[in-house]
Amino acid sequence: MLAQLLSQYLDLLVLLTGVQLVILSYFMKPAEVEVMEQVEGTNQNVAHGLAWSFYTGYLKIVLPGLCERIEQSAWKDKIHPTAHRLLVLIPLKCENVTAGLSDEGGLQPVKRDRAGVKDRVYKNDVHCITDPDDNRRKEYCVVEYATNVQTLYDMQESKACAGFSREAREQQVALLVRTPRTHQLPPARLRENCYYSD
């Protein structure tokens with residue numbers, strides 16, 4: 001009888017422990033640090049950081065005054081007034097795209113003291129796009145390749161990021177394009193001066 005009571009007690013204890021674990025796992029969420037470790041460990045948060053880096057390290061510096069620099073340049077009559085903005089190219093393959101573009105020169109560079117570098121130079125290039133059907137038809141615009149997307153390509157090629165596939169890279173590129181839009185980068189007063197293209 002004592003053995004039977006002891007057996008029932010142990011079964012009840014095991015059952016209660018299991019119920020407690022189910023209840024705890026249902027109500028407990030992983031700590032933020034645990035979530036970040038998992039995201040970083042699987043390279044899922046790369047695009048977000050690249051987008052913020054591109055904004056704070058480049059767009060935030062070159063967009064203010066961009067229209068004025070276009071107006072003061074030799075290109076003011078060649079660049080259509082509706083194209084007085086920066087066109088940011090973000091190719092899905094993460095490689096520099098130059099097909100159909102010819103570099104025609106640049107706007108007056110912006111100089112800023114940044115990250116310990118005095119008078120760091122930030123350039124904006126003017127490109128000519130030639131209509132493939134009519135070589136006489138040319139459009140001029142300020143175009144920049146988002147150079148930090150090269151990081152995604154390098155990650156795919158690197159043995160250190162073995163799990164970073166072409167599909168993962170393409171997903172990160174889509175996130176890189178979406179991040180500025182969802183976080184309203186640049187802010188509204190500068191947003192009309194920038195257009196992202198993928």
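1. A salt bridge here is a side-chain nitrogen of Lys or Arg within 4 Å of a carboxyl oxygen of Asp or Glu. By this rule the count comes to 3 salt bridges.

2. The model is predicted: local features need pLDDT of at least 70, side-chain atom pairs count only at pLDDT 80 or more, and totals for chains, interfaces and linings use all residues. Residues are numbered from 1 along each chain as its sequence is written, and side-chain values use heavy atoms, with hydrogens and water left out.

3. K118 and D113 are joined through their side chains by a salt bridge of 3.7 Å, N to O. For accessibility, buried means under 20% relative accessible area, exposed over 50%, and partly exposed in between (1.4 Å probe, protein chains only). K118 has 64% relative accessibility and so counts as exposed. D113, at 53%, is exposed as well.

4. The side chains of D134 and R136 also form a salt bridge, at 3.4 Å from N to O. D134 is partly exposed, its relative accessible area being 27%, whereas R136 is exposed at 74%.

5. Which residue forms a salt bridge with E170? The partner is R169, and the closest N and O atoms of this pair are 3.9 Å apart. E170 has a relative accessible area of 24%, so this residue is partly exposed. R169 is buried, with a relative accessible area of 5%.
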